[in-house]
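Open the structure in your viewer and keep the selection tool ready. We will go stop by stop, and at each one you pick something and look at what is there.

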There are 2 protein chains.
Amino acid sequence: MDGTLRALADPTRRAILRLVHDDELAAGEIARHFPAMSRPAVSQHLRVLADAGLVVIRPAGNLRLYRWRPEGLSDVTAFLAQMWSGRLAALKTAAEREEWPARERAKLRGSGEARD
Amino acid sequence: MDGTLRALADPTRRAILRLVHDDELAAGEIARHFPAMSRPAVSQHLRVLADAGLVVIRPAGNLRLYRWRPEGLSDVTAFLAQMWSGRLAALKTAAEREEWPARERAKLRGSGEARD
DNA sequence: CAGCTATGTAAGATGTTGCTTACGCAGGTG
DNA sequence: CACCTGCGTAAGCAACATCTTACATAGCTG
């Protein structure tokens, strides 16, 4: 859980994750997508992703092929689901008990214009 | 996006987020749930959460009440959705073109026992 | 207004991250 | 076997994150 979110917190690692999302790529080929940084740096990012279970490694001859591992995201997905589901429950209870003043509920609804 | 995941990467901040998930709590009351660390430390965590848009602050007299802000998670949710949706698309294309050897597809399915 | 409470901010110590260069090693190729 | 290619690891360094203690500030309360 902790390692997963820490791994995802880095933009380079998210970019790598998108790269190996559809295709299975060799480490060097992945590194070639990041000309701004050295190849060992990318290798270290790949290690973090592998430790977090977000990618799988398949050795193929001289190469090491990386592919996205969907189950690696399961705990983050679970965390989000827990957040959202609990949220609905809280809204329901609050509405039933009418614990909040009306203007508070209105403000809460109003702030949810983006995605609620 | 970046700030959100960085904010979520810390276990203390996730705990805070769960605390203010249902109730609206004052900073001091939140800090009281973390006897192992000082009150300013919690205050700084609250700042990170607020900067990431994951909580909203409502000043009430002498207090500062914190509440979870659901929309703050929207970009993370979008990231996950993009991952999963693209994943389904990739599976579909691969299955149609039969690009992978059968044992590869079996291995992929087999590793998804946790949550797929 | 004096003083108390609740809270944020500043400064600094310490651990952690993310890079670099240099090196080691496995695996294919002549 | 000698050698090249592809990759990971080690060591070192600069930047950043996370604590601490000390201090500043806003708002009640008598």
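Predicted model: local features only at pLDDT ≥ 70, side-chain atom pairs only at ≥ 80, totals over all residues.

**Stop 1: chain A**

How many helices and strands does the secondary structure of chain A come to? There are six helices and three strands. Now trace the chain along the sequence. The pattern reads α-α-β-α-α-β-β-α-α. Chain A has 116 residues, and buried ones make up 22% of them. Look at contacts between residues at least 6 apart in sequence: in chain A, 53% of these join residues at least 24 apart.

**Stop 2: helix H2 of chain A**

Select residues 11-22 of chain A, which form helix H2. Which residues of this helix are buried? They are A:Arg13, A:Ile16, A:Leu17 and A:Val20. Look down the helix axis. The four cover an arc of only 105° around the axis, so they sit on the same side of H2(A). An α-helix has 3.6 residues a turn, so residues three or four places apart point the same way.

Next, show what covers the buried residues of H2(A). The cover includes helix H1 (2-8), strand E1 (25-26), H3, H4, strand E2 (55-60) and E3 of chain A.

**Stop 3: two helices of chain B**

Move to chain B and select H2 (residues 11-22) and H4. Their axes come within 10 Å and cross at roughly 75°. H2(B) and H4(B) are therefore roughly perpendicular to each other. Now show side chains at the contact. H2(B) brings B:Thr12, B:Arg13, B:Ile16 and B:Leu17. H4(B) brings B:His45, B:Leu46, B:Val48 and B:Leu49. Colour the residues of this contact by type: five are nonpolar, two polar and one charged.

**Stop 4: two single residues**

Stay in helix H2 of chain B and pick B:Pro11. Is B:Pro11 buried or exposed? B:Pro11 is exposed, because 11 other C-beta atoms lie within 10 Å and a residue with 12 or fewer counts as exposed.

Then jump to A:Trp84, in helix H5 (residues 74-97) of chain A. A:Trp84 counts as exposed because it has 12 C-beta neighbours inside 10 Å. Its C-alpha atom is 21 Å from that of A:Ala9, a residue 75 places away along the chain.

**Stop 5: DNA strand D**

Select DNA strand D and the 21 residues around it. Those that come nearest are A:Ala26, A:Gly28, A:Pro40, B:Ser38 and B:Ala41. Elements giving two or more residues to this surface are helix H3 (27-32), helix H4 (39-51) and strand E3 (63-68) of chain A, together with helix H4 (39-51) of chain B. H4(A) has the largest share, five residues. By type, the surface divides into nine nonpolar, nine polar and three charged residues.

**Stop 6: DNA strand C**

Finish with DNA strand C, which has 22 residues around it. A:Ser38, A:Gly61, B:Ala26, B:Gly28 and B:Pro40 come nearest. Which element supplies the largest share of the surface near DNA strand C? H4(B) does, with five residues. At least two residues each come from H4 of chain A and from helix H3 (27-32), H4 and strand E3 (63-68) of chain B. This surface divides into eight nonpolar, ten polar and four charged residues.

Technical notes
Residues numbered from 1 in each chain as written. Chains lettered and ligands numbered in written order. Near = placed C-beta within 6 Å. Nonpolar A, V, L, I, M, F, W, Y, C, P; charged D, E, K, R; others polar. Buried ≥ 20, exposed ≤ 12 C-beta atoms within 10 Å, placed from the backbone. Arc of directions from axis to C-beta. Contact = placed C-beta atoms within 7 Å. Axes fitted to C-alpha atoms, helices over the stretch in contact; angles between N-to-C directions. Parallel < 35°, antiparallel > 145°, perpendicular 65-115°, else oblique.
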